[in-house]
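Please find below a colleague's note, arranged as numbered points. It may be read with the sequence and the model side by side.

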Amino acid sequence: MTIINRSIFILGLGISGMSLAKKLNFRSIYCWDDNSEIRGLAKKQRINIKEPNLKNLRHTDFLVLSSGINHESKSPHNAVVIAKSLKIPIISDIELIHLLGLKNYLIGITGTNGKSSTTKFITDSLRHKNFLNAQACGNIGIPFTELRIKKNSVLVIECSSFQLSKINNLRFDIAILLNISSDHIDWHMSLNNYINSKEKVFKNQTLSDHAIICIDDKNCNNIANQFKKKYKSKLIKISVKKKLNDGIYLKESYNYITIFNSINSKSIKISKKSINIPLTKANLQNFLATYTVNFILKQNINLFVESLKNIEVLDHRMEYIGKYKNICFYNDSKSTNVNSSISAIESYENIFWILGGRKKVGGLSGIEKNLNNILKSFAYGESGEEFKEFLNKCGINSIYKESLEEIIFKAVELALQEKQKVNIIFSPCASSFDQFKNFEDRGNFFKKTVKKSVKIEK
């Protein structure tokens, strides 16, 4: 079923919703946002605004929800209640790729952490020397409707659990699951629901498709072990922690990374100097997934290695800001949960760790065994005092200040008193919503404040 001559109702006019409304500019498209200011902006752009009541939804064929609107909550939006009563399919923006009849090769990437970086790494590597016309879109912040999609375009799509929870018929040629840890439980209501949403990336795959699962956490390993009973595609297991006789794994030494491919019985040794990204544990996983996609697509290995020079990290993902005297600064504002911050603080030594914000379910629980590289911690914000007490009990000297600016100044002051190199890492391990609009706003504030406090050298 395609959407030509169908009636569509878009609920939520954020970046994706507004882009869709402009793209699908045929008569039977109606939109709504609960924010009156956004509705006003939409009207100025000649977007049809209608209230989502029974009368206006009765003849709707598809309800497209903004990814943040939960259609499975105990008290869903009234439009969701009406749509369910009328048996109207509820979908996310990425389902429109299928409904619009696009025939492009699709690579879907999901996981609790590393989705955006892996999406970028894969896109950059496939673009190298025009190997493929790859374009990144989805939850990375670029709606597919903003792209100029050609017939030969490969769409590399970052998929959130919110988007995947509304998947009906969308099929990925390559589907990637990086990791699963507790996150967004308040939205999904249980870890099982969250896991089920992530698994939907494999839902419609066929025998000719490929699935990539990193088995380095318990949840993903369980999915991989049950995979053949539930899905049809060809599974490739990957790992950065263990040797695999039936997959692809990676080993790290001081100067090199070696990838062992048990599928074709080959290995490649790559100098770390040729990789233009911080080799955190998370980035090793992202990097291995990128190699595996290139292997599936039969990219020349030498060209793949060459492409690594052009791969760069995204802002706010262990982003190196610069140094001042004995201090190096890293902005990891995107890290909003324990597993993501563990990757950051296990990748460097002599760390002054800045953290805080609005805590997620569980707080810092689970990080106790991963604090060996922390010299001092600096907590701020809504969860700051709780984080300080938790870390003090773990034997980490911890300081609290109310604002991020205050805690940055204090960390710099004390780091300059050290007689050794210090890595100041801002990896909040919490959401940004106590003091900032989003993680980007928070990360930009961190960078601005650091540059205000010292004269940064690159």
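**Note on the predicted model**

1. Ser 333 is buried, its relative accessible area being 0%; "buried" means under 20% relative accessible area, "exposed" over 50% and "partly exposed" in between, with a 1.4 Å probe and protein chains only. The structure is a predicted model, in which local features need pLDDT of at least 70 and side-chain atom pairs count only at pLDDT 80 or more, while totals for chains, interfaces and linings use all residues. Residues are numbered from 1 along each chain as its sequence is written, and side-chain values use heavy atoms, with hydrogens and water left out.

2. Ser 333 belongs to the loop between β15 (327-331) and α14 (338-345). Helices (H or I, at least four residues) and strands (E, at least two) are DSSP runs, numbered from the N terminus. From its side chain, Ser 333 reaches the backbone oxygen of Phe 439 at 2.7 Å. This is a polar contact, that is, a pair of N or O atoms within 3.5 Å; within protein, one must be able to donate a hydrogen and the other to accept it, and residues adjacent in sequence count only if both atoms are side-chain atoms. Leaving aside residues up to four places away in sequence, Ser 333 touches His 316, Phe 426, Pro 428, Phe 439, Arg 442 and Gly 443, where contact means heavy atoms within 4.5 Å.

3. His 316 is found in the loop between α13 and β14 and counts as buried because its relative accessibility is 4%. Its phi is near 75°, a positive value in a residue other than glycine. Most residues other than glycine have a negative phi. Lys 325, in the loop between β14 and β15, also has a positive phi, near 50°. Lys 325 is exposed, with a relative accessible area of 64%.

4. Is Arg 317 buried or exposed? With 16% relative accessibility, Arg 317 counts as buried. Arg 317 lies in the loop between α13 (301-307) and β14 (319-324), and its side chain reaches the backbone oxygen of Asp 315 at 2.9 Å. Not counting residues up to four places away in sequence, Arg 317 touches Ser 116, Ser 117, Asn 331, Asp 332, Lys 334 and Phe 439. The C-alpha atoms of Arg 317 and Ser 340 are separated by 9.7 Å, the two residues being 23 apart along the chain.

5. Strand β19 (residues 422-426) has five of its five residues buried, so the strand is largely enclosed by the rest of the structure. Val 422, Ile 424 and Phe 426 point one way from β19, and Asn 423 and Ile 425 point the other way. Strand β19 pairs with β15 in the parallel sense over five bridges; two strands pair if DSSP finds at least two bridges between them. Here Tyr 330 stands opposite Ile 425. Strand β16 (residues 351-356) also pairs with β19 in the parallel sense, over four bridges, and Phe 352 stands opposite Ile 424.

6. An open sheet of nine strands, with mixed pairing, has the order β6-β7-β5-β8-β9-β10-β11-β12-β13. Its edge strands, β6 (133-138) and β13 (266-271), each pair on one side only. Within this sheet, β8 (residues 174-177) and β9 (residues 210-214) run parallel and are joined by four bridges, with Ile 174 opposite His 210. Strands of a sheet pair through backbone hydrogen bonds.

7. Which residues have the most contacts inside the largest nonpolar core? They are Ile 10, Leu 63, Leu 96, Ile 157, Phe 172, Phe 202 and Ile 213, in a core of 60 residues. A second, separate core of 34 residues includes Ile 174, Ile 212, Ile 238 and Ile 277. A nonpolar core is a set of buried Ala, Val, Leu, Ile, Met, Phe, Trp, Tyr and Cys residues joined through side-chain atoms within 4.5 Å. In soluble globular proteins, nonpolar side chains tend to be buried together.

8. A search of the whole structure finds zero disulfides, a disulfide being a pair of cysteine sulfur atoms within 2.5 Å. For Cys 31, the nearest cysteine sulfur is that of Cys 137, 20 Å away; Cys 31 counts as buried, at 1% relative accessibility. For Cys 394, the nearest is that of Cys 429, 12 Å away, and Cys 394 counts as partly exposed, at 31%.
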